[in-house]
Amino acid sequence: MTVHTPHHQDALTPYDAIIVGAGFSGLYLIYRLRQIGLRVRVLEAGSGLGGTWYWNRYPGARCDVESMEYSYSFSPELQQEWEWAERYAGQAEILRYLNHVADRFDLRRDIQFDTRVTAAHFDEQHNLWQIYTESGEQFHAPFCIMATGCLSTARVPDIEGLEQFQGPQYHTGNWPHEGVDFTGQRVAVIGTGSSAIQSIPVIAEQAAHLYVFQRTPNYSIPAHNHPLTREEQQAIKARYDEIRRTARESLFGVCFDPNDRPAATATPEDLQQAYEYRWQRGGLSFLTAFNDLLVNEQANETAAEFVRSKIRAIVHDPAVAEDLMPTTYPIGTKRICVDTNYYETFNRANVTLINLRKEPLEAITTHSIRTSKGDYPVNCIVFATGFDAMTGTLAKIDIRGRDGLDLKEQWNHGPRTYLGLMSAGFPNMFMITGPGSPSVLSNMVVSIEQHVDWVADCISYLRAHGQQTIEPTYAAQDAWVEHVNTVASYTLFPKAASWYMGANIPGKPRIFMPYAGGVNVYAQKCAEIAANGYTGFVLHASEAVALA
Ligand code: NA7
């Protein structure tokens with residue numbers, strides 16, 4: 001073996017970076033890394049691009065961030081040209097948008113579809129990531145970027161008798177491309193998270209009867225979705241730069257028009273007025289009606305009670321209304337849902353709510369769902385039971401760093417990252433919106449663009465300074481993990497058994513995974529760390545041994 005300079009190394013490797021995943025992150029990575037002269041290859045498990053928006057094709061699937069903001073900002077031309085049809089884009093429209101982006105910027109030629117990555121091993125001798133796929137292919141590159149998404153490992157719970165069921169079963173996060181016709185069917189939906197809340201009203205319109213199996217009710221705010229007129233779009237496009245800047249400088253990466261007064265000192269009339277105004281406006285901005293809703297339990301309760309009063313008013317049967325009211329966790333500590341006619345759907349004669357807290361789910365039989373009160377005969381089951389969020393997809397890949405370090409083992413007691421971007425012992429492996437970054441608490445597109453830009457700048461810096469590898473120190477990582485926990489402890493988030501906490505997966509450590517300090521504060525920290533020559537990271541210029 002010979003020792004080569006980085007230049008020789010380049011000539012021997014066909015790619016500078018392997019990117020796993022062709023969703024919002026993977027696509028922008030191709031664009032941005034090409035810009036700095038990198039040769040990239042994206043490996044994508046699906047047969048098409050779009051990630052979350054490729055897989056989640058369930059009826060009613062829609063983004064809970066408004067379309068004009070849930071879109072890329074990197075190209076002024078793109079954001080001026082593209083016309084969104086609705087205030088909140090449905091899955092099909094977002095997927096069309098992403099395909100348009102791929103074509104417009106000629107991204108497709110760097111994506112290899114139907115390619116599931118099973119392992120990524122860091123080869124210390126050559127400073128290369130060796131990437132293995134399900135079909136036995138092998139790739140290598142100095143950089144490996146996990147653009148694998150936060151909600152990409154769908155989870156069907158382990159329910160007794162599940163395998164006996166004779167009818168079709170679906171998971172919202174892995175929906176058949178040809179769609180499902182529920183006409184004349186008795187349908188069970190298990191779960192009442194965001195995916196269920198979006199799909200239930202649509203399925204109810206088609207099914208003969210819909211049984212909704214609810215374990216924990218959710219807080220849901222009406223979307224008041226509507227077609228976007230050209231004038232509405234023009235008004236936003238005319239000041240797009242300012243809107244994007246405001247989003248980046250905000251807590252959640254969205255222009256929510258937050259109220260900076262606390263609910264704790266507001267009068268009952270002020271509270272009512274503020275909540276009513278936000279309810280009528282619709283959407284996630286409900287939570288920014290006051291500035292203390294996520295940190296003060298009494299303040300939070302005023303917002304929670306307002307939503308309960310709405311449920312009481314909408315749902316005709318008081319017993320059903322009662323069952324639909326969340327009472328066991330503060331509003332917002334599980335992501336609030338944004339719906340179209342969710343609570344109204346329970347006024348339909350063909351919809352039955354089953355409260356699993358009163359009659360626990362016991363088993364699935366050949367043709368029914370069995371609770372402690374008896375059997376509900378159904379033709380098919382829709383699992384709206386969520387995901388092994390944030391870490392599940394990374395854990396499915398056998399990721400090995402220095403000295404064969406196993407990422408899954410390293411994260412046994414909860415994910416450990418520095419800035420949610422890298423993990424100590426795994427040089428040159430970046431995560432996009434990884435645990436420890438604002439990710440799922442934010443407008444994902446804003447966070448994705450910020451991460452991808454940071455990674456691109458980082459790689460440019462390494463190259464400009466003759467450095468081969470970068471990795472966080474254990475000290476910096478420990479301090480960051482502690483900071484993430486400390487910030488979470490100032491909020492009400494840890495009070496809910498949510499997927500943010502890993503609580504939906506048996507045996508998963510209960511750690512609040514995203515960074516709750518805000519998109520603005522976080523991005524500033526990332527920028528400062530880079531500007532100071534990558535504080536908390538170790539950069540190595542060591543010459544690698546080239547592949548034979
Ligand atoms: P979520 O929000 O994780 O919701 C999953 C739902 O499934 C939730 O109501 C769970 O009840 C329920 N669930 C899970 N396991 C079971 C079992 N074993 N029995 C009964 N009910 C069960 O996933 P979504 O797909 O809806 O949304 C994920 C995110 O995607 C969402 O936050 C948006 O950001 C987009 P539980 O609350 O655990 O009692």
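The ligand is surrounded by 20 residues, where a residue counts if one of its heavy atoms lies within 4 Å. Thr-192, Ser-195, Arg-215, Thr-216 and Lys-334 are the closest. The shell divides into 7 nonpolar, 8 polar and 5 charged residues; Gly counts as polar, and Asp, Glu, Lys and Arg as charged.

This is a predicted model: local features need pLDDT of at least 70 and side-chain atom pairs 80 or more, while totals for chains, interfaces and linings use all residues. Residues are numbered from 1 along each chain, and side-chain values use heavy atoms, without hydrogens and water.

| Residue | Part of the residue | Distance |
|---|---|---|
| Ser-195 | side-chain N or O atom | 2.6 Å |
| Lys-334 | side-chain N or O atom | 2.8 Å |
| Ala-384 | polar backbone atom | 3.3 Å |

On its own, the ligand has 780 Å² of accessible area (Shrake-Rupley method, 1.4 Å probe). The protein covers 85% of that area.

Now the helix. H10 spans residues 297–314, 18 residues in a DSSP run (H or I, at least four residues). Its C-alpha ends are 26 Å apart, close to the 26 Å expected, which is 1.5 Å times one less than the number of residues. At its start, a side-chain oxygen of Asn-296 comes within 2.9 Å of the backbone nitrogen of Gln-298.

Which residues of H10 are buried? They include Ala-299, Phe-306, Arg-308 and Ile-314; buried means under 20% relative accessible area. Their cover includes strand E11 and helices H9, H11 and H12.

Methods:
Helix = DSSP H or I, 4+ residues; strand = E, 2+ residues; numbered from the N terminus. Buried < 20%, exposed > 50% of the residue type's maximum accessible area, 1.4 Å probe, protein only. Contact = heavy atoms within 4.5 Å. Polar contact = N/O pair within 3.5 Å; in protein donor to acceptor, adjacent residues only side chain to side chain.
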